[in-house]
Amino acid sequence: GQAGRLTVEEDRRARINRLKWHCRRALLELDLVFDRFWERYEDTLDTQGEAVLESLLELEDHDLWALVSGRDVTDDPQLAAMIERLREVSPIANFE
């Protein structure tokens, strides 16, 4: 019933908040990208998306920025899709 649904929602909220915390990066560009990412995707991010984001967040800032800025590519299709989302919201429209 309602109580069960509430805990699922609270659970998700807790996971999202933890992810958001991990999205706070020393690199300003990444910080901005993640701010915009959450503005756009917070309500629609599914658990699979959360997991992919989590593995991206394990990277060092400079490695993560290399992927987001397109200097580096990943051959992992799930990571690539998440990076694509991050690039869409990136304040730097043109990476070339």
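This report covers the overall fold and two buried residues, Cys23 and Glu50.

**Overall picture**

The model is predicted. The protein has five helices and zero strands. Along the sequence the pattern reads α-α-α-α-α. The protein has 96 residues, and buried ones make up 34% of them.

| Residue | Location | Relative accessibility |
|---|---|---|
| Cys23 | loop between α1 (2–22) and α2 (28–41) | 3% |
| Glu50 | helix α3 (residues 47–57) | 5% |

**Cys23**

Cys23 sits in a loop, between α1 and α2. Its relative accessibility is 3%, so Cys23 counts as buried, the cut-off being under 20%. Beyond residues up to four places away in sequence, Cys23 touches Asp31, Phe34, Trp38, Leu53 and Leu57.

**Glu50**

Glu50 belongs to helix α3, which spans residues 47–57. Is Glu50 buried or exposed? Glu50 counts as buried because its relative accessibility is 5%, and the limit for buried is under 20%. Which residues does Glu50 contact, leaving aside neighbours within four places in sequence? The partners are Arg12, Arg15, Ile16, Leu19 and Leu45.

Methods: Residues numbered from 1 in each chain as written. Predicted model: local features only at pLDDT ≥ 70, side-chain atom pairs only at ≥ 80, totals over all residues. Heavy atoms only, no water. Helix = DSSP H or I, 4+ residues; strand = E, 2+ residues; numbered from the N terminus. Buried < 20%, exposed > 50% of the residue type's maximum accessible area, 1.4 Å probe, protein only. Contact = heavy atoms within 4.5 Å.
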